[in-house]
Amino acid sequence: MSQTHRWLPATGIALAVGLWQLGVSMSAGTLVPGPVAVAKGIGELAVKGLLVRYVVASLFRVTWGYLAALLIAIPLGIALGLSRRGEMALNPILQVLRPISPLAWIPIAILWFGVGDVSAMFLIFLASLLPLTVTALHAVHNIDAVHLSAGLNFGLSRPQLVRSVIVPAILPQLIVGMRIALGIAWLVVVAAEMIAVNSGLGFLIVDARNAGNRYDLVVAGMVLIGVIGVGLDALMRRLERLDSVRWGYADAA
Amino acid sequence: MTMKVRFRDINMTFGSTRVLEDVNLDVREGELVCILGPSGCGKSTLLNIVGGFLQPTSGKVTIDDEPVTGPDPRRIFVFQERGVFPWLTVEGNIGFGLHRLSDAEKRARIAHYVGLVGLRGFEQSYPRELSGGMKQRLEVARALAVDPDVLYLDEPFGALDSITRLQMRRELLRIWEAEKKTILFVTHDIEESVQLADRIVVMSTRPAHIRRIVEVDIPHPRDLSAPRYIEVRDSIFAEIGLAHQV
């Protein structure tokens with residue numbers, strides 16, 4: 001990247017914020033707050049201690065729901081990928097569940113777990129579980145047969161084959177799936193918090209509107225969600241730079 | 001001399017396609033045998049059968065008088081260069097089959113084979129950082145490291161450029177002379193088979209049967225312009241029915 005190109009992303013953001021400010025100041029009496037008001041809103045949240053509390057609350061729910069999904073989806077996906085019969089039996093259920101938005105589960109989550117953290121975590125768990133399982137399953141199917149044959153040739157037992165060939169072979173694809181699933185989890189936590197709990201960034205947005213039409217805080221919540229989402233994605237992208245998975249991506253050469 | 005590998009009446013059909021027909025072959029201990037045939041004739045199928053990856057429709061293969069029932073670390077299959085594990089370093093690949101050894105033995109074994117195939121200095125490199133020829137040498141090293149008594153090579157140099165291919169053949173002969181393995185080498189390249197083999201098994205088109213077995217009684221290193229070399233080569237061209245002209 002040349003020196004000038006390096007500034008393009010920052011310029012793009014500055015331009016968008018400028019247009020936003022311009023639009024707001026040109027239309028008097030609008031309900032949409034400008035960037036200055038939103039920045040002040042974020043400052044107000046920070047001073048009250050709500051900023052850290054809400055961000056931590058949202059990240060906490062995502063972390064546990066997502067980790068639980070990883071723990072179940074990866075072994076399940078690998079098992080289904082290796083077992084033709086298992087896949088034939090379970091794949092139709094996975095396919096039917098997949099198009100159901102995780103948000104459709106909100107009433108059931110509340111019925112089972114009540115209003116609170118567990119409901120939100122359950123929704124995140126559900127939202128991440130299916131894409132992760134399907135990714136792991138497909139990744140197992142895509143393993144180069146030569147690598148499996150080589151593993152068997154060297155006398156590996158079944159568990160050794162999973163550990164030494166199958167897991168490393170699917171890892172590059174799995175990491176991409178994990179990135180996508182984390183993105184979905186982050187989308188879902190906001191929605192879950194609007195209904196099932198009384199803290200977090202999703203709650204901030206509904207609460208700011210209900211308690212006095214504080215649209216500066218509504219947009220502040222949106223900005224925070226966007227920025228943290230980018231941060232989570234950047235974190236996952238770092239996994240793609242690991243030496244033992246870089247072979248799996250097109251730019252690896 | 002003792003017979004190492006015996007193919008007895010091997011037949012193979014996939015669905016309604018006959019691929020192999022009554023293949024009978026004995027391979028001596030320490031011999032380098034090339035199985036030569038046109039692409040798609042079934043010679044790789046034959047190698048996969050002796051490797052234990054496929055069951056023949058009828059007939060059996062024995063090694064040291066034991067029937068082959070599956071893949072076995074005493075006999076290692078070398079694929080084209082893509083058989084190396086891309087997620088492991090050179091060291092990791094060579095050490096892959098050594099999980100039963102102690103760490104010290106493993107390190108010594110890895111160091112020895114890194115040297116044997118000329119990859120010193122690349123121990124920590126990943127396959128994506130190596131050339132095609134280096135990856136192929138790495139795969140040979142990984143196979144040799146477990147000290148197998150038979151090596152199966154399935155068109156191992158097919159994806160390499162012609163200069164690298166010649167170098168690899170010389171390397172293979174050097175390693176073969178140092179390690180005294182029995183080698184079954186599948187190729188569609190007539191010149192390659194005459195350069196390498198003690199005996200060449202010439203296969204027909206599908207369904208493949210053995211047309212002829214050619215003894216190559218030329219000592220190594222072989223002079224590619226010697227009359228005897230050309231004579232053997234041309235007799236195989238004639239056998240396959242190719243005029244030796246382009």
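Mentor: Before we start, one definition: an axis is a line fitted to C-alpha atoms, for helices over the stretch in contact, and angles run from 0 to 180 degrees between N-to-C directions. Also keep in mind that this is a predicted model.

Trainee: Got it. So how do helix 3 and helix 11 of chain A lie to each other: oblique or roughly perpendicular?

Mentor: Helix 3 covers residues 35–48 of chain A and helix 11 covers residues 215–239, and their axes are 8 Å apart. The packing angle is about 80°. Angles of 65 to 115 degrees get a label of their own, and therefore helix 3 of chain A and helix 11 of chain A are called roughly perpendicular.

Trainee: And which residues of helix 11 of chain A make that contact?

Mentor: Take both sides in turn. Helix 3 of chain A brings A:A37, A:V38, A:K40, A:G41, A:I42 and A:L45. Helix 11 of chain A answers with A:D216, A:L217, A:V219, A:A220 and A:V223.

Trainee: How many residues in the contact of helix 3 with helix 11 of chain A are nonpolar?

Mentor: Sort them by class. Two residues of this contact between helix 3 and helix 11 of chain A are charged and one is polar. The nonpolar ones number eight.

Trainee: What about helix 5 and helix 7 of chain A: are they oblique or parallel to each other?

Mentor: Helix 5 is residues 84–97 of chain A and helix 7 is residues 117–141, and their axes come within 11 Å. They cross at roughly 140°. The roughly antiparallel label needs an angle over 145 degrees, and therefore helix 5 and helix 7 of chain A count as oblique.

Trainee: Which residues of helix 5 of chain A make the contact with helix 7?

Mentor: On the helix 7 side of chain A you'll find A:L130, A:T133, A:V134 and A:L137. By class, the whole contact has five nonpolar, one polar and one charged residues. On the helix 5 side of chain A sit A:E87, A:L94 and A:L97.

Trainee: Zooming out, how many helices are there in chain A?

Mentor: Run along chain A from the N terminus and the elements read α-α-α-α-α-α-α-α-α-α-α. Chain A has zero strands, and its helix count is 11.

Trainee: On to chain B. In what order do the six strands of its open sheet come?

Mentor: Start with the edges: strand 6 (75–78) and strand 10 (210–215) of chain B each pair on one side only. The pairing in the sheet is mixed. Going across, the order is 6-7-8-3-9-10.

Trainee: Which residue of strand 8 of chain B is the bridge partner of B:I35?

Mentor: B:I35 is in strand 3 of chain B. Strand 3 runs parallel to strand 8 of chain B, with five bridges joining them. Across from B:I35, the partner is B:V186.

Trainee: And which residue of strand 9 of chain B is the bridge partner of B:C34?

Mentor: Strand 3 of chain B also runs parallel to strand 9, joined by four bridges. For B:C34, the partner in strand 9 of chain B is B:I200.

Trainee: Which residues of strand 3 of chain B point the other way from B:L32, B:C34 and B:L36?

Mentor: In a regular strand the side chains alternate between the two faces of the sheet. Strand 3 of chain B is mostly covered, with five of its five residues buried. Opposite to B:L32, B:C34 and B:L36 point B:V33 and B:I35.

Trainee: Last one! Which residue takes a positive phi in the hairpin of strand 1 and strand 2 of chain B?

Mentor: Strand 1 (residues 3–14) and strand 2 (residues 17–28) of chain B run antiparallel, with eight bridges. B:F14 stands opposite B:T17, and the hairpin has two residues between the strands. With a phi near 60°, the residue you want is B:G15.

Note on methods: Residues numbered from 1 in each chain as written. Chains lettered and ligands numbered in written order. Predicted model: local features only at pLDDT ≥ 70, side-chain atom pairs only at ≥ 80, totals over all residues. Parallel < 35°, antiparallel > 145°, perpendicular 65-115°, else oblique. Contact = placed C-beta atoms within 7 Å. Nonpolar A, V, L, I, M, F, W, Y, C, P; charged D, E, K, R; others polar. Pairing = 2+ DSSP bridges. Buried ≥ 20, exposed ≤ 12 C-beta atoms within 10 Å, placed from the backbone.
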